[in-house]
Amino acid sequence: MLMFNLRAQAATAGPGAWSAQQTWAADTVNGGSLTGYFYWPAAQPALGGKRALVLVLHGCTQTAAGDVIDKSSDKGYNWKAMAEQYGAVILAPNATGNVYSNHCWDYANTTHTRSTPGHDAILLDLVNRFVSDPQYAIDPNQVYVTGLSSGGGETMVLGCLAPDIFAGIGINAGPPPGTSTLQIGYVPSGYTATTAGNNCKAMAGSNAGKFATQIASVVWGTSDYTVAQAYGPMDAAAMRLAYGGSFTKGAAVAVATGGSNIPYTDSNGKVRTHEITVSGMGHAWPAGSGGQNSHYVDSTKINYPAFVMDFWFKNNLRASATPAPVMNSCSSSGITATSATINGAATVSGGASITSYTVNLSGPSAINDTAAGSGSSFSKSYNLASGYYSGSVKATDSNGQVSAACSIAQFLVGTAPAIQPPTGLTAGAPGATSVPLSWNAVSGATGYNVYRNGVKVNGSLISATSYTATGLTAATSYSFAVSATDATGESSLSPAISVTTASGWTCSATSASNYAHVQAGRAHDSGGYALANGSNQNMGLDNLFYTQTLAQTAAGYYIIGNCP
């Protein structure tokens, strides 16, 4: 009896480092293109096999390079450790234009929209770029946004404008929507949490129903004399008003570095907001030990990235906090001339239970049994016609989550057919969603079958000695094998080959002047020279007289020359 272990498909490991400066969408409202950095962790995701995405917005006068991301001298806002701990992708963009003359985010705009390419739209476009790119394996139910000052105000704006996008928000000293830049230090007369909450709901429009599953964190310092401290609890109260229903205020919990955290639970007992007051902190991002300790970043107070990530992951209402079940083993046993027993075992956590196993067998007697058993293990016998079989087992838990498939090694019931398996199975250049396969002809064969991860993928027999497997996922490894058939039955499987699909990105090349490349967002200016975005290759002077060909080999990444 052979047994194989199969774990869920691993997410593609990133470089575990901040990227070079990227250039994303153009901002036709404030000018320029959105630039910034992203962190792609090497660690695996912490929840459900899919990565979280965190958008981090700097405050006025700050920049992503100077204050948010890791530098040689410090860890900036201190997001790298959390990216690796949770397997999350972090986005750190720079505010476009020179809003409010201090490179702020335009939280105080009187008209917020998802369509006109100002700050709101280009940030939503940035999030969509990563969520829609399969190589990052982002879970749309684990998208979050946080920021300081104008970045905190913009965080609240995005949480209100797009509650369907953001499962959680983290507002740090952020003025609420409907206040002006002249009112950052005081709450205007007549402006209340109800005002802010109504503004928030109005911004959501038809997406207001998504407030039912959003959560919010708010943090501020007791020595902040830049943004009115009263905005902190007001922001949280406004979000609760947008969320609707009744809430219970919890007891204040001491914060280790000084201060307190007050949670609020909804009628279902779920924590929906919390309010962190940090003792002695001024107008700053609380980065925790190792973070920057200057220019509105404080490394002596709580580690807010650690605090808010813990809050988001433990209380996310859109993604199950319980991992999907894992098949630990599956096999065939008790094989006779007319039957075989299929066995399997799985584990599940978080108080869930295995409610069913699904057995799929490919062979002369095809089996698709969705009720093969339940509990921690199962064993079930099937009457089968003579021939070779392979297949898989999946487990479903009481939360409705399904495990990755466990492949059953090929086994023989009864007498082996006379026909031999094909030889020479090879794969052509894989695409993002397809792989071309070919093999040598077998004398006397009436047709062929193709197996992916042990399961037959073709409906009818293949008459040719080639086949293109489709419907695949980009940047994913698959195992393929083939069999031959004749009047005596189906052969055993050929030796399997492993093929990894392409990333899903199609390279394109553009020839233009360096000036045109910079204006189009394919390159940026540095000291009068044009540098290719992503690779930072020097293209020569930034003017109309120098011409280069740039190939875009990945999102926001360009190299000099044609596509590889």
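Biologist: What links Trp24, Phe38, Trp40, Phe130 and Tyr136 into a cluster?

Modeller: Ring pairs do that. For a pair, rings of Phe, Tyr and Trp (its six-membered ring) need centres within 6.5 Å; planes under 30 degrees apart make it stacked, over 60 edge-to-face, and the rest tilted. Bear in mind that this is a predicted model: local features need pLDDT of at least 70, side-chain atom pairs count only at pLDDT 80 or more, and totals for chains, interfaces and linings use all residues. Residues are numbered from 1 along each chain as its sequence is written, and side-chain values use heavy atoms, with hydrogens and water left out.

Biologist: How many aromatic pairs does a search of the whole structure find?

Modeller: It turns up 18. Take Tyr144 and Trp312: with ring centres 4.5 Å apart and planes at 5°, the pair passes the centre and plane limits, so we call it stacked.

Biologist: Why do you say that Tyr144 and Trp312 tie together parts apart in sequence?

Modeller: Tyr144 sits in strand β6 (residues 138-148) and Trp312 in helix α7 (residues 304-315), so the parts they tie together are 168 residues apart in sequence. Helices (H or I, at least four residues) and strands (E, at least two) are DSSP runs, numbered from the N terminus.

Biologist: What makes Arg240 count as sitting over the ring of Tyr264?

Modeller: The rule wants NZ of Lys or CZ of Arg within 6 Å of the ring centre and within 35 degrees of the ring normal. The charged end of Arg240 is 3.5 Å from the centre of the Tyr264 ring, and it does sit over that ring.

Biologist: Why is Cys60 to Cys104 called a disulfide?

Modeller: Their S to S distance is 1.9 Å, and a disulfide is a pair of cysteine sulfur atoms within 2.5 Å. The torsion about that S-S bond is about 125°, so the disulfide of Cys60 and Cys104 is right-handed.

Biologist: What is the handedness of the disulfide of Cys330 and Cys406?

Modeller: The torsion about the S-S bond is about -90°, so that disulfide is left-handed. Cys330 lies in strand β15 (residues 326-333) and Cys406 in strand β21, so the pair ties together parts that are 76 residues apart in sequence. Both cysteines, Cys330 and Cys406, are buried.

Notes. Buried means under 20% relative accessible area, exposed over 50%, partly exposed in between (1.4 Å probe, protein chains only).
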